[in-house]
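Biologist: I am new to this structure. Could you take me through it by question and answer?

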Amino acid sequence: MKVLVTGAGGQLGTDVVELFRNSGHEVLGCDRNKLNITDQAQCNQVIEIFHPDAIIHCAAYTAVDAAETDVDGAYLINATGTRNIAVAAEKVGAKLVYISTDYVFNGTSTTAYREYDNTDPQSVYGQSKRAGEILAQTLNSRYFIVRTSWVYGAHGNNFVKTMLRLGQEKPELQVVNDQKGSPTYTVHLAKFLIELVDTESYGIYHASGTGECTWYEFTQAILKEAEETLALKVTAKLVPCGTDQFPRPAPRPTNSVMDHVSIRTNGLSDFPHWKDALREFMLNQ
């Protein structure tokens, strides 16, 4: 299969390119220098020439707090850019995988979110990603919307790397204990996408590590694995705190946990538990 990957230089895109190639696919990885997704003519040209069977659309504006004031910037990339990719994909008959987020929900549910629950994004980032979902669904007839959460991996900056560093530098670490979600390892997400894109089971998918934890519980596990797996010396004392102690421009979901109904009902392989995934990530460092 010929696969084009947008955002190929990013945290997820780097692993997607590598794992798709390793599984035998012909891959064109496009970073922002090779493909400006906000340029409709360039999207049409690049996609028409390569003529992919599938496009994994990882490129996104992900600066959650900056988006609150850079509204047009967020929509330009997450909405207009996605429209450009969706239209170009439809022209060549390519399947479209749009990577989305738990931020399309309001984060107040007392239960895990299912794929077809009503969306209600509370931040500009979430609203712009929801706009991208709508455009992908309406402009492409062979779409997969893949919502994920709390993503980390070997490439780029992420929460796990930050906590590993701060755990060795700081005497004390305050971490939020009233927001819960499901950490997701990029390698496992990329493997899921390989399995998914080989099907015609189109629709919306929730794709994250199984199980749930708070950011505080996640940090506890990170520092424990750092000591046991990497033999690092952790100096920081971990202290739980509330969201109100770290005010941010964009609201954070209290509950980001997503139920994987579509994975189960379509007979696809579910994700490992987030603790097992974290251990695997550490072993690969």
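Biologist: Is glutamine 45 buried, partly exposed or exposed?

Modeller: Keep in mind that this is a predicted model. Glutamine 45 sits in helix 2, residues 40-50. Its relative accessibility is 48%. Buried means under 20% and exposed means over 50%, so glutamine 45 counts as partly exposed.

Biologist: How far is glutamine 45 from alanine 88 in space, C-alpha to C-alpha?

Modeller: In sequence, the two residues are 43 apart. In space, C-alpha to C-alpha, glutamine 45 and alanine 88 are separated by 8.4 Å.

Biologist: Let's step back to the whole chain. How many helices and strands does the chain have?

Modeller: Both kinds of element are present. The count for the chain is 9 helices and 12 strands.

Biologist: What radius of gyration does the chain have, against that of a compact globule?

Modeller: The chain has 285 residues. For that length, a compact globule would have a radius of gyration near 19 Å. The C-alpha trace spans about 55 × 40 × 40 Å along its principal axes. The radius of gyration of the chain agrees with the globule value, at 19 Å.

Biologist: What share of the contacts with a separation of 6 or more joins residues 24 or more positions apart?

Modeller: Burial first: buried residues make up 54% of the 285 residues. Among contacts with a separation of 6 or more, residues 24 or more positions apart account for 81%.

Biologist: How far apart are the mean positions of the positive and negative charges?

Modeller: The chain has 25 positive and 33 negative charges. Their mean positions are apart by 2 Å.

Biologist: How far from cysteine 58 is the nearest cysteine sulfur?

Modeller: Cysteine 58 is in no disulfide either. Cysteine 58 is buried, with a relative accessible area of 15%, and cysteine 43 is buried at 0%. For cysteine 58, the nearest cysteine sulfur is that of cysteine 30, at 11 Å.

Biologist: What is phi of alanine 231?

Modeller: Alanine 231 lies in the loop between helix 7 (215-228) and strand 12 (237-241). With a relative accessible area of 65%, alanine 231 is exposed. Its phi is positive too, near 55°.

Biologist: How far apart are the C-alpha atoms of alanine 79 and serine 128?

Modeller: Alanine 79 is in helix 3, residues 71-92, and is buried at 7% relative accessibility. Leaving aside neighbours within four places in sequence, its contacts include Ser128, Ala131 and Leu135. Serine 128 is 49 residues away along the chain, yet the C-alpha separation is 5.9 Å.

Biologist: Which residues does aspartate 102 touch, not counting those up to four places away in sequence?

Modeller: Aspartate 102 lies in the loop between strand 4 (95-101) and helix 4 (124-139). Aspartate 102 is buried, with a relative accessible area of 5%. Leucine 135, 33 residues away in sequence, is 17 Å from aspartate 102, C-alpha to C-alpha. The residues that aspartate 102 touches are Thr148, Ser149, Pro253, Ser256 and Met258.

Biologist: Last one. With which residues is lysine 191 in contact, leaving aside neighbours within four places in sequence?

Modeller: Lysine 191 is in helix 6, residues 186-197. Lysine 191 is partly exposed, with a relative accessible area of 46%. The C-alpha atoms of lysine 191 and leucine 238 are separated by 33 Å. The contacts of lysine 191 are Leu19 and Glu280.

How values were computed: Residues numbered from 1 in each chain as written. Predicted model: local features only at pLDDT ≥ 70, side-chain atom pairs only at ≥ 80, totals over all residues. Heavy atoms only, no water. Helix = DSSP H or I, 4+ residues; strand = E, 2+ residues; numbered from the N terminus. Rg over C-alpha atoms; globule rule 2.2 N^0.38 Å. Buried < 20%, exposed > 50% of the residue type's maximum accessible area, 1.4 Å probe, protein only. Contact = heavy atoms within 4.5 Å. Lys, Arg positive; Asp, Glu negative; His and termini not counted. Charge placed at Lys NZ, Arg CZ, Asp CG, Glu CD. Disulfide = S-S within 2.5 Å.
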